[in-house]
Amino acid sequence: MDPDLRFLVSPGGRLRGRVRVPGDKSISHRAVMLGAIADGVTEVSGFLEGEDSLATLAAFRAMGVSIQGPDAGRVRIEGVGLNGLGEPETPLDLGNSGTSMRLLCGLLAGQRFPVTLVGDPSLSRRPMRRVTEPLARMGARIETSADGTAPLRIKPVDGLRGLIYEMPVASAQVKSCLLLAGLYADGETCITEPAPTRDHTERMLAAFGYAVRREGPRACLAGGGRLTSCALDVPADISSAAFFLVGASIAPGSDLILEHVGINPTRIGVINILRAMGADIEILNRGAAGGEPVADLRVRHAPLRGICIPEDQVPLAIDEFPALFIAAACAEGETMLTGAEELRVKESDRIQVMADGLLALGIAAEPRPDGIRIRGGDIAGGAVDSHGDHRIAMAFAMAALRAAGPIAIGDCANVRTSFPGFAPLAASTGLAIREEVG
Ligand code: S3P
């Protein structure tokens, strides 16, 4: 990783053309995880070749799974079956990836070998008790640091017990972690979520022929079944498309089509929120890929107005708030976000880091414990620090479309975790962005 990668973005411009952003990160992780523990060969296309999903892939290779690729988004996984993973020789390094760590923690909690999960400084600060505590109730033995963070030392066990659990936070990572542990448990595991969160794990388990019962906010499965390999086409990531949805919405003259984007109802908060602000987003060519709804999204510039973001949209747009805050900065009037304290424990404290960056660019932003108040205004040029958070770097890059001067964004190397090739792709649509090392 190169901590000195900077984005330098000249002001103005508009976004036009047709682009396909890289594959969905959440779905790419799950494709490798389920493919690895399935019986038979799973062929994946559209796989995200970003550092996060590659960390998951490397972890399964280290546990003895033969995986070919990725090659232009194609990955071939020779599944070893539910009980075919082997002990890795070294700790599994999951880099910046919270999804890898939390989902793998569940998948590995019931194994008969020890394994340690480690991550980079950002991941090593993120809360892990939200998974280790319910896993302990299933009989897992996992040690964390004194403050409940990685490294996670998972001890071998003779099996797990099913769990009936109501999650205190609306988290797809926690839900998925516990469902994956439930594959290795005696009896049934039922997880209830306080609000809908992304359901890719449930959908993909079904695609692998594993029965998941869904009753409103509850997802249940019984342990001890088997997964049968399948072919998976990963849609483009709506979380990566979000930067372009915002960029095209705020930049006069923009007209952009984003191809083959996943529009799972549990992920489209960004479309709902932008539309409520006045954005012009059309959903075209609806179809399906790998058990997930997809569509092309056409977005044209439109004047935006500030809103109170409905709290029920928060989990459905959880990764898109850095981009949405830029939309709010360009909107007429005030935008208010509440009920989003989870943003403080993402790859960075996204409320504070975004507020600091917006203030540096002359936008009135008032952080609150569970959200932020942003008053739309004129964006000045200036320097902002992304604090190594990929989504913050990309969000501020789009802000330049409406800035009075250039914006320099520091610490951008982690953009590679979710969106390799962001700068050239954004440049191809009209963003005046260049990368600078050192
Ligand atoms: C993810 C769930 C979300 C999201 C993350 C990916 C997943 O995290 O922020 O980027 O793939 O399940 P939480 O479950 O912590 O909200």
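How many nonpolar, polar and charged residues does the lining of the largest pocket have? Ten are nonpolar, nine are polar and 14 are charged. Before I go on, please keep in mind that this is a predicted model.

So, the pocket itself. Its volume is about 550 Å³. The lining of this largest pocket takes in 33 residues, and those nearest its centre are Ala-170, Ser-171, Ile-318, Glu-342 and Lys-346. Three helices, α1 (25-36), α3 (98-108) and α5 (172-182), each give the lining at least two residues. As for where the largest pocket sits, it lies between domain 1 (5-23 + 235-437) and domain 2 (25-233), because both supply residues to its lining.

Now the ligand. The residues around it include Ser-26, Arg-30, Thr-99, Arg-102, Arg-198, Ile-318 and Lys-346. Ser-171, Ala-172, Gln-173 and Asp-319 are also among them.

Ala-172 has a backbone N or O atom 2.9 Å from an oxygen atom of the ligand. For Gln-173, a polar backbone atom is 2.8 Å from a ligand oxygen. With Asp-319 the side chain is involved: one of its polar atoms lies 2.6 Å from an oxygen atom of the ligand. On its own the ligand has 390 Å² of accessible area, and the protein covers 96% of that.

Last, the second largest pocket, with a volume of about 210 Å³. It is lined by 15 residues, with Asn-83, Gly-110, Arg-112, Gly-159 and Tyr-184 closest to its centre. By class, the lining of this second largest pocket has seven nonpolar, five polar and three charged residues.

Note on methods: Residues are numbered from 1 along each chain as its sequence is written. This is a predicted model: local features need pLDDT of at least 70, side-chain atom pairs count only at pLDDT 80 or more; totals for chains, interfaces and linings use all residues. Side-chain values use heavy atoms; hydrogens and water are left out. On a 1 Å grid over the protein atoms alone, a cavity is a set of points where a 1.4 Å probe fits but cannot get out, and a pocket is an open set with protein on both sides within 12 Å along at least five of seven lines; lining residues have an atom within 4 Å of a point. Grid points are joined across faces, edges and corners, and a volume is the space filled by probe spheres set on the points. Helices (H or I, at least four residues) and strands (E, at least two) are DSSP runs, numbered from the N terminus. Ala, Val, Leu, Ile, Met, Phe, Trp, Tyr, Cys and Pro count as nonpolar, Asp, Glu, Lys and Arg as charged, and the others, Gly among them, as polar. Domain bounds come from an automatic or database domain assignment. A residue is near a molecule or strand if one of its heavy atoms lies within 4 Å of it. A polar contact is a pair of N or O atoms within 3.5 Å; within protein, one must be able to donate a hydrogen and the other to accept it, and residues adjacent in sequence count only if both atoms are side-chain atoms. Accessible areas come from the Shrake-Rupley method with a 1.4 Å probe; for residues, only the protein chains shown count as cover.
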